[in-house]
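Please open the structure in your viewer and keep the selection tool at hand.

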Amino acid sequence: MREFVQDDAHLYCTPEQIEAEILGLVALVREVYAEFGFADVRMDFSTRPKDSGGTDEQWRGAEAAIAAALAKVAAPFQV
């Protein structure tokens, strides 16, 4: 079995750009992983940690946009 893990990433954008940024990120990940022969790609969707900035409303909006983008491209993930 081969495995690759990237623990963290930060994308800075406006709330309106979140879905497009996630769609681009998923496309990039799929492209890079395909080059290494990884076909069964799963993603972890990390939600708001206890110590975080931003409001509940901002976090709900961001998480909803990320989930919508992942659903749009049928990217398998676990929360």
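The tour below goes from confidence to helices and then to a pocket.

This is a predicted model, in which local features need pLDDT of at least 70, side-chain atom pairs count only at pLDDT 80 or more, and totals for chains, interfaces and linings use all residues. Residues are numbered from 1 along each chain as its sequence is written, and side-chain values use heavy atoms, with hydrogens and water left out.

Colour the protein chain by pLDDT (the predictor's confidence in each residue, from 0 to 100): the average is 88, and 97% of the residues score at least 70. Confidence is lowest in β1, at a mean of 84, and highest in α2, at 93; helices (H or I, at least four residues) and strands (E, at least two) are DSSP runs, numbered from the N terminus.

Next, select α1 and α2, whose axes come within 8 Å and cross at roughly 45 degrees. Axes are lines fitted to C-alpha atoms, for helices over the stretch in contact, and angles run from 0 to 180 degrees between N-to-C directions. The two helices, α1 and α2, are therefore oblique to each other, a word for angles that are not under 35 degrees (roughly parallel), over 145 (roughly antiparallel) or 65 to 115 (roughly perpendicular).

Finally, select A9, L25, D44, F45 and S46, which lie nearest the centre of the largest pocket among its 45 lining residues. Elements giving two or more residues to this lining are α1 (18-35), β1 (43-44) and α2 (56-72), and α1 supplies the largest share, 9 residues. A pocket here is an open set of points on a 1 Å grid over the protein atoms alone, where a 1.4 Å probe fits, with protein on both sides within 12 Å along at least five of seven lines, and lining residues have an atom within 4 Å of a point.
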